[in-house]
Amino acid sequence: MSTDTSLDAAYAHCADIARRHYENFPVASWLLPARMRPHVAAVYAFARAADDFADEPGRPPGERLLLLDQWEPKLQQVASGHPAENPVFRALGNTITTCPLPVQLLEDLLSAFRQDVTVHRYETWNDVLDYCRRSANPVGRLVLRIAGVDDADADRASDALCTALQLTNFWQDFGVDWNNGRLYIPREEFAKHGAVEADLASGRMTPGWKAALAGSVDVTRALFDAGRPVTSFVKGRLKYELRATWLGGRRVLDKVADSGFATFDHRPALVATDVLGIAAATLFST
C-alpha cells in the first residue's frame, strides 16, 4: 500500500481541510486533546465537503442534491466496514469504528444539507430548531463520543450549546443570509412584531425587524444558559475547548445586541480585545 493511500495520509488530508476551513467549531485547535484531533478532523472533512455541495455557487439545486445523494452511499459503505479510496471516507470509516460513532448523526448532517438546498424560509421556531437538531447538534454529540462521553444529560447540554451557536451565526449573518435568499427568523416571530419581508427587500431594517431579531436573541441566550453545563461532563483540554466555544458564542451574541440589532448592513465580529477576554475567562472562570 502506497503512502498516499495509507490511513495516516488520509487523516493528514482531513487535518489539512480542517486547517484551511477553520470556522465556529475549533476542529484544529491546540486545545483539543491530541488523540481526538484526527477523528474530529475526519468528521469535519466529511461535513465540510457535504456543506460545500449544498452551497456550491453556479450549480443548480438538482446538481447539488445529486452530489449529496452520491455522498451518502460512501458513508454507508465505510459504516459497514468496507474500505474506501476517498481519503475522507477512509479516515472517517476508521473513526466510526474506533470511537465508535452513531452513523445516524452523520446521516442527520446530510439531511440538513439537503434542506439547505430546498428550504429558505421557516414558519415556526419548531421548524428552525428541528433544522438545528440535524445541522448543528450532531457535531457536538460526535465530539462527545470521540471524547468517550455517552451520557443523556451531556447530550442535552451539548444540543443546547450547538443550537445556540448555530442561531448566533444566523443573527450575526442576518444581512448576508438575506442577500443569499435565506431568512432564518421564523414567520411566527417576525409576524408578531409587524415585520414584513418587503421592508428587507427594500433595504430597510425597520423597528419591527429589530424587535424580531431581539426576540430571536432572547431565545438564543436561553439556549446558551442550558448549554453551559456541557463542560462539566468532560475534563482536561476539552473542558477548556468547550468553555472557549461557549464564551466566544455568547460574546458574538452580545455584539449582535450591542449593535442595536442592526445586522442587516453590518456583520458584528470578534476583535482582538474580545479574543483576549475570552482567553482569560476560559482559563480562570469556573
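Predicted model: local features only at pLDDT ≥ 70, side-chain atom pairs only at ≥ 80, totals over all residues.
**Exercise 1.** Work out what span helix α3 should have, and check it against its end C-alpha atoms.

*Solution.* Start with the extent: α3 covers residues 61-79, which makes 19 residues. The expected span is 1.5 Å times one less than the number of residues, so α3 should reach 27 Å. Then take the end C-alpha atoms: they sit 27 Å apart, which agrees.

**Exercise 2.** List the buried residues of α3, then say how they are arranged around the axis and which helices they pack against.

*Solution.* Take under 20% relative accessible area as the cut-off. That picks out Arg64, Leu67, Leu68, Trp71, Leu75 and Val78. They cover an arc of only 95 degrees around the axis, so they lie on the same side of α3. As a reminder, an α-helix has 3.6 residues a turn, so residues three or four places apart point the same way. Last, look across from these buried residues: their packing partners are α2 (37-55), α4 (87-98) and α5 (103-118).

**Exercise 3.** Count the cavities of 30 Å³ or more, and describe the lining of the largest cavity.

*Solution.* The count comes to one, and the volume of the largest cavity is about 40 Å³. Next, collect its lining: Phe170, Trp171, Phe174, Asp177, Arg182, Leu183, Tyr184 and Ile185. Sort these by type, and you get six nonpolar, two charged and no polar residues. Finally, trace them to helices: α8 (152-172) and α9 (174-179) each supply at least two.

Notes: Residues numbered from 1 in each chain as written. Heavy atoms only, no water. 1 Å grid on protein atoms, 1.4 Å probe; cavity = no way out; pocket = protein on both sides within 12 Å on 5 of 7 lines; lining within 4 Å. Points joined across faces, edges and corners; volume = space filled by probe spheres on them. Helix = DSSP H or I, 4+ residues; strand = E, 2+ residues; numbered from the N terminus. Nonpolar A, V, L, I, M, F, W, Y, C, P; charged D, E, K, R; others polar. Buried < 20%, exposed > 50% of the residue type's maximum accessible area, 1.4 Å probe, protein only. Arc of directions from axis to C-beta. Contact = heavy atoms within 4.5 Å.
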